[in-house]
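Open the structure in your viewer and keep the selection panel at hand. This tour goes one selection at a time.

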Protein chains: 2
Amino acid sequence: MTIQKKLAVVLSGCGVYDGAEIHEATLTMLAIAKAGASYTLFAPNITQHHVINHLTGEEMNESRNVLVESARIARGEIQDLKEYKAADFDALVFPGGFGAAKNLSTFAFEGPECSVNEDVELAVKSTVQAGKPIGALCITPAVITKILGKVDVTIGNDSGTAGAIEAMGGKHVQTTHGEIVIDRNYRVVSTPCYMLDATIDQIEIGARNVIKTILTMS
Amino acid sequence: MTIQKKLAVVLSGCGVYDGAEIHEATLTMLAIAKAGASYTLFAPNITQHHVINHLTGEEMNESRNVLVESARIARGEIQDLKEYKAADFDALVFPGGFGAAKNLSTFAFEGPECSVNEDVELAVKSTVQAGKPIGALCITPAVITKILGKVDVTIGNDSGTAGAIEAMGGKHVQTTHGEIVIDRNYRVVSTPCYMLDATIDQIEIGARNVIKTILTMS
């Protein structure tokens, strides 16, 4: 009898410009289900940095909560990230979207000098301490690097973001669609997804490659 | 040289309880891309019926716009449904979610006596008149039936919804995960998706079967 592996997935809202990137989140969940594992969704219970009108790109005079909006992607089945315990899961995964750089951290505004949400930091550090792998899509490797420091990651080929990762002590490895970078020390697996000008089927490949790889490491 | 087929996809917001079902929308887009076709996203430019907190299921004292929220799934690349012209596309597709029954129509509140948004009605009727196929996922076959009347569709096995479809003049065919029903007269292809208690990988199969089939009919 095979024991089904359990993955935790951390969302950061609902929508690329102020939250979790919806395709990356959905295709991460799909990749986990198709690999025969299960997922539990988490998000921090905090106010979003701001709300962006995704039609115009302009800021809206509204306030939304990261956990409540993430629940849209989760169909209501989601928990406060404070409840995450590394002991309960085989791996931790971060889909991308600006929410990672605006809600999970301040990377979008402060670059290498950013701060990271304390629940996110605790989740990453406790997972590393438990010797379990972490998957990081799109911009989230920058957040992971801020927490861990000396880690090999990829966000594709954007030189500004790559430079910020190096400034935080990480090593950036250039990649293209669907390729992954594995940090064997911290067991972090990253892929660029929409940090490149990608199509939705390329996102599926990137998410699948990350999930497949962390399942072999867990 | 093969000419790439162009599909129009109609969204109804962003989130299962008050808008488009996110997985169904995303996996419809994925299925289209993987089939080698292209998609253009549309939504009506109207106020949502209401806003539901997807964590608690309760109504929120907020107002959101269907086109603006749908733009989250679309990453900003979306058009007012008023701009849709059947002549420009090979097929029309409706992912599900309560948005179809609350924003695209009033089916959630009025059942067989519901009204349908005029842009949705015009899009469906002009597509039928052009002899082009329509894909309908989840609850959207009920909306299609309200517009077309005598049409064979499936929403899975929910007897209440099936009865309402029959009351509107349609014929409901019971199905399970991933199965489709084809109406050869109106060229409507439907599948239950989350109208059943489905997993995300079952949604992918249903969306793929609808897209594959309407591409062979277009």
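What follows is a walk through a predicted model, from the pairing of its chains to single residues.

**Stop 1: both chains**

Colour chain A and chain B separately. How are they related? A rotation of 180° with 0.0 Å of shift along its axis superposes chain A on chain B, with an RMSD of 0.0 Å. That is the relation of a two-fold axis. Both copies use the same surface: 100% of the contact residues of chain A recur in chain B.

**Stop 2: the interface**

Now select the residues where the chains touch. On chain A there are 37, in contact with 37 residues of chain B. About 3,200 Å² is buried between the two chains, and carbon and sulfur atoms give 58% of that area. Which residues of chain A lose the most area to chain B? Pick A:L55, A:R72 and A:R75; together they account for 26% of what that side buries.

Next, look for polar links. The rule finds 14 residue pairs in polar contact across the interface of chain A and chain B (both at pLDDT 80 or more). Show the elements behind the chain A side: α1 (22-34), β3 (51-52), α2 (66-74) and α8 (200-217) each give two or more residues. The largest share, eight residues, comes from α1(A). By type, the chain A side divides into 20 nonpolar, seven polar and 10 charged residues.

**Stop 3: salt bridges between the chains**

How many salt bridges cross the interface of chain A and chain B? The rule finds eight. Over all chains, a search of the whole structure finds 19.

Select B:E204 and A:K34. They form a salt bridge, with the closest N and O atoms 2.8 Å apart. B:E204 lies in helix α8 of chain B and A:K34 in helix α1 of chain A, so the pair joins two chains. B:E204 counts as buried, at 4% relative accessibility. A:K34 is partly exposed, with a relative accessible area of 45%.

B:R208 counts as partly exposed, at 33% relative accessibility.

Then select A:D18, A:E62, A:R64, B:E69 and B:R72. A network of salt bridges links them.

**Stop 4: around A:Y194**

Select A:E21 and B:R75. Their side chains meet in a salt bridge (3.0 Å, N to O). A:Y194 lies in the loop between β11 (188-191) and α8 of chain A. Is A:Y194 buried or exposed? At 12% relative accessibility, A:Y194 counts as buried. For scale, find A:I52: its C-alpha atom is 18 Å from that of A:Y194, and the two are 142 residues apart along the chain.

**Stop 5: a link within chain A**

Finish with A:K82 and A:D119. Their side chains meet in a salt bridge (3.0 Å, N to O). A:K82 lies in the loop between β5 (79-80) and β6 (91-94), and A:D119 in helix α5 (residues 118-129), so the pair ties together parts that are 37 residues apart in sequence. A:K82 counts as exposed, at 51% relative accessibility. A:D119 counts as buried, at 11%.

Note on methods: Residues numbered from 1 in each chain as written. Chains lettered and ligands numbered in written order. Predicted model: local features only at pLDDT ≥ 70, side-chain atom pairs only at ≥ 80, totals over all residues. Heavy atoms only, no water. Contact = heavy atoms within 4.5 Å. Buried area = accessible area lost by both parts, 1.4 Å probe. Salt bridge = Lys/Arg side-chain N within 4 Å of Asp/Glu carboxyl O. Polar contact = N/O pair within 3.5 Å; in protein donor to acceptor, adjacent residues only side chain to side chain. Helix = DSSP H or I, 4+ residues; strand = E, 2+ residues; numbered from the N terminus. Nonpolar A, V, L, I, M, F, W, Y, C, P; charged D, E, K, R; others polar. Least-squares fit on C-alpha atoms with pLDDT ≥ 70 in both. Buried < 20%, exposed > 50% of the residue type's maximum accessible area, 1.4 Å probe, protein only.
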